[in-house]
Amino acid sequence: MVAPFRKTQNTGWYRFKVGEFECTAIWDGRLDQPYEGIYPNADPKELARLVKKYRLPIDHIPMDLNVLVVNTGRDIILVDPGMGTTSKMFGTGMGLMVDNLEAAGIDPDDVDLVLVTHLHPDHCYGLVGAGNAPTFKNARVGCTKLEWDY
């Protein structure tokens, strides 16, 4: 298969080159993570100072979740398919990956390989859609044996 390079841009994704590869960062959405538990060893006064200095929300860390697509010119590889739409455990701001993937001109059916770095929900739930149908029906899926066994 030949995977043509695309030379367009949109707000839901960002395209860039790494050597001969064309990469596209796809925005899956945003979650608002409470500070509690994220920095368990942080001095509360220092954390409060930094939150104020950088004008961050006082009750949560806004976190964007992105999916990476690597077009090698032959294969389309997707890394960490995001949260998907079947779970709202992190709120309603997630699950935009497929829409933004399509806006970037990438058909989920054209993805050849999905690599999952680790099996947290926000990195793998995007593998399935409504009715547990595979999001990338023509892709192979891989993760490390160590992660799978865990």
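This is a predicted model: local features need pLDDT of at least 70, side-chain atom pairs count only at pLDDT 80 or more; totals for chains, interfaces and linings use all residues.
Local features require pLDDT of at least 70 and side-chain atom pairs pLDDT 80 or more, while totals for chains, interfaces and linings use all residues. Residues are numbered from 1 along each chain as its sequence is written, and side-chain values use heavy atoms, with hydrogens and water left out.

Strand 4 comprises residues 76-79; strands (E, at least two residues) and helices (H or I, at least four) are DSSP runs numbered from the N terminus. Pairing requires at least two DSSP bridges between two strands. Strand 4 pairs with strand 3 in the antiparallel sense over four bridges, with Leu-78 as the bridge partner of Val-69. Four residues separate the two strands of this hairpin, and Gly-73 in the turn has a positive phi of about 95°. Strand 5 (residues 113-115) runs parallel to strand 4 and is joined to it by three bridges; Leu-113 in strand 5 is the bridge partner of Ile-77. On one side of strand 4, Ile-76 and Leu-78 are buried, as are Ile-77 and Val-79 on the other. Buried denotes under 20% relative accessible area, exposed over 50%, and partly exposed in between (1.4 Å probe, protein chains only).

Zero disulfides are found in the whole structure, a disulfide being a pair of cysteine sulfur atoms within 2.5 Å. The sulfur of Cys-124 lies 8.7 Å from the closest cysteine sulfur, that of Cys-143, and is therefore too far for a bond. Cys-124 is buried at 12% relative accessibility, whereas Cys-143 is partly exposed at 29%.

Tyr-54, in the loop between helix 1 (44-53) and strand 3 (61-71), is exposed, with a relative accessible area of 53%.
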